[in-house]
Amino acid sequence: MNYFVGIDIGSTAIKITVTDEHKRLVGFKINASGSMFYKYAKETLQSLLDELHISQDDIAYTVATGYGRKLFKEADENISEITANAIGAQEAAREYGEIKTIINIGGQDSKAISLDSEGNVVNFAMNDRCAAGTGKFLDVVAMNLEIGVDELSDYHFKSTGTPLSISSTCAVFAESEIIGLLGSNHSVEDIVSGVHYSIAKRIVKLVKRVGIKENVYFDGGPALNAGLVHAIENELGKKIFVPEYPQITTSFGAAVLACDAFKNMPEVEREF
Amino acid sequence: MNNINHNIESPKEKQNRHKAMEAIKLLNTLREDFKAPISSMEYFYDLFERVHCKHESLHDDKTKIGTMCIQIPSEIIYALDGVPIRLCNGFYTDDEIGSDLMPQKACPLIKATVGHFASGNFTDKPDIVFSPTTCDQKTKAGVTIESFGYKLIDIDFPRTKESEASREYWRRSVKQFAVELSRFQGKKLTRTSLKNAIKKIGYAQSLYHKLSEFRKNELVPILGLDVFLVTNAFFFDKIDNWIEATEKLLSELEIRAKEKITVSGKASPRIVYTGSPPIFPNYKIPLIVEQSDAIIVADETCSSNRMFNDMVAVDEWNIYDMMDSISDKYLKACTCPIFTKNEDRIRRVIQLVRAYKADGVVYQAFAGCTVYEMEQRSVLEAMEKEGIPIIYLESDYSPSQGGQLSTRVEAFIESLKNRRRMKK
């Protein structure tokens, strides 16, 4: 049996996905990237293979993506995370419908990708200057409010007032803004929903740059936060599709690409 | 404290060391990281190494005329026995020095140019500087530069080019420039010397045009990066040496074209590069482009194509006619975004895409280079109308930032490859 591996070495987390020949998800694993991208990526891959009882020899093709993609020299190919994300989203949403727009919020950047009817990337916009409005920002906010990142969603839906306006989505400045809001006796719930809306506004601006076409797909770790999904849907005025495992769309895309690349390889080369 | 024995570098030593590091890093990348290197490029690699790493002067015997933009006519400088040295600067080390003297959000090119003057680290120090009033920041930078003790003369440049009035205005400025320079040099501008200078620069331009022809080939024999180096060398090199080296390069390219030797990959997308000028050693974006399996086949920038594209067209070889023709070349043909309207630039980019069969356009603006940042809108709209894929990137001289930029460039190039596949 041939297996295919997609490795997404992101700024915050390493995501590894294994698929079979039919591009079906076999398993995945997520680990912190930490300070040693390459070492952790190798360890994560090995432990995933052990869990799945797959030997290295059964891996037919590996594609690396993400910021650290070039560090993973064992990969057969490497590809930018934008292309991988597009491929992963289409495959993951195959039963839901045709994806035309992708929103991705990662650890240190956010992207909007627009696809044509063949699924090619036609345009994309990226916020890559700082951690404004990204996963890292949510981490900082949760820490300031002394709650867990996974609790943000609950707090969001408990908010009863108007969402507060947080003008800065910069992780550093927002901290002092949040302290200011706490100082004027606002509830944690209202602050959380305010934070979600400020991120949503920012991301919608980014999406408008590439054009909003349905269906809209949302992935990346922060897509696990239903409160944030709610805020983005409200700002966008449209339903968005969130896959079952939003963190692994890009690594899944890399694995799908690995399947395709392997199939397109001449028979002779496959032997090696 | 005195028992710790270590040397403290002077600021000048430190700056020179940092600049040499910037230069050699790029030169070594160009020498080693790409397939099928061209042996006659070694002259240019070596030239930059001599000037920036070994601090060799090239023009000890001549008066050095510093220019702050391409609009100062080199023809007149050569005719008056001077050497034009274009001072537009690409060093991050100088950008950092200039940051203390300019507003935070200013353009890195101008910060680096001002920083270079502030440091005074010249291998060929300009004896006089001419500064055309082109963009706001360059115009204002003149005062700062003068304050360091340099002799600097402003040359009035109009910001519109359609009207007959602006043409007249600029012709007057060019005459004024000739008068100032002739006074400074203590020499008279003669018909013969000006004609010879026009012919010589025209010949250098014709070499550039020949070089460009090779880039139209399906199998491109030369990297865009190498071409940028050749054109950037024209900023300061001895013109006769430059001509000789470029002739050699052309004969090597001739052979490569015959033998079908190429620097690009099988499916490398062809790129037209436009926007803020890549100036040695700030080749950040072109480097990312060509390291991501794409090939730059043409450019529309003032550090390269715009210097060579248009020739001085003389009707009668008398001095008045020559002067007017020179003026027109530097105004009418210029596609700099400082002008109010700039349909010419859009036309040129489209024409380059067609002529060089490019798959897409990379538009790069320096953060702080307001005019290029603003013109992005109209250029992007025009390209969309023409169905030409384009990516807009903002960057500066800092050596970091590479990861994010390369992700975007690579994704763009992957999408161009995809488009090609779909077409087939």
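Domain bounds, as used below, come from an automatic or database domain assignment. The model is predicted, so that local features need pLDDT of at least 70 and side-chain atom pairs count only at pLDDT 80 or more, while totals for chains, interfaces and linings use all residues. Residues are numbered from 1 along each chain as its sequence is written, and chains are lettered from A and ligands numbered from 1 in the order in which they are written.

**Exercise 1.** Describe how the two domains of chain A meet.

*Solution.* Begin with the bounds: domain 1 of chain A takes in 1-93 + 248-272, and domain 2 covers 98-242. Their C-alpha centres lie 27 Å apart. Next, count the residues in contact (C-beta atoms, placed from the backbone, within 7 Å): twelve come from domain 1 of chain A and 18 from domain 2 of chain A. On the domain 1 side, helix α2 (residues 81-92) of chain A gives the most, with six residues; helices are DSSP runs of H or I with at least four residues, numbered from the N terminus.

**Exercise 2.** Describe the packing of α7(B) against α13(B).

*Solution.* Take the axes, which are lines fitted to C-alpha atoms over the stretch in contact, with angles from 0 to 180 degrees between N-to-C directions. Those of α7 (residues 164-185) and α13 (residues 319-331) of chain B come within 9 Å and cross at roughly 115°. Then list the residues: α7(B) contributes Arg167(B), Trp170(B), Arg171(B), Val174(B) and Lys175(B), whereas α13(B) contributes Met323(B), Asp324(B), Ile326(B), Ser327(B) and Leu331(B).

**Exercise 3.** State how many residues join chain B to chain A.

*Solution.* Eleven residues of chain B are in contact with 14 residues of chain A.

How values were computed
Helices (H or I, at least four residues) and strands (E, at least two) are DSSP runs, numbered from the N terminus.
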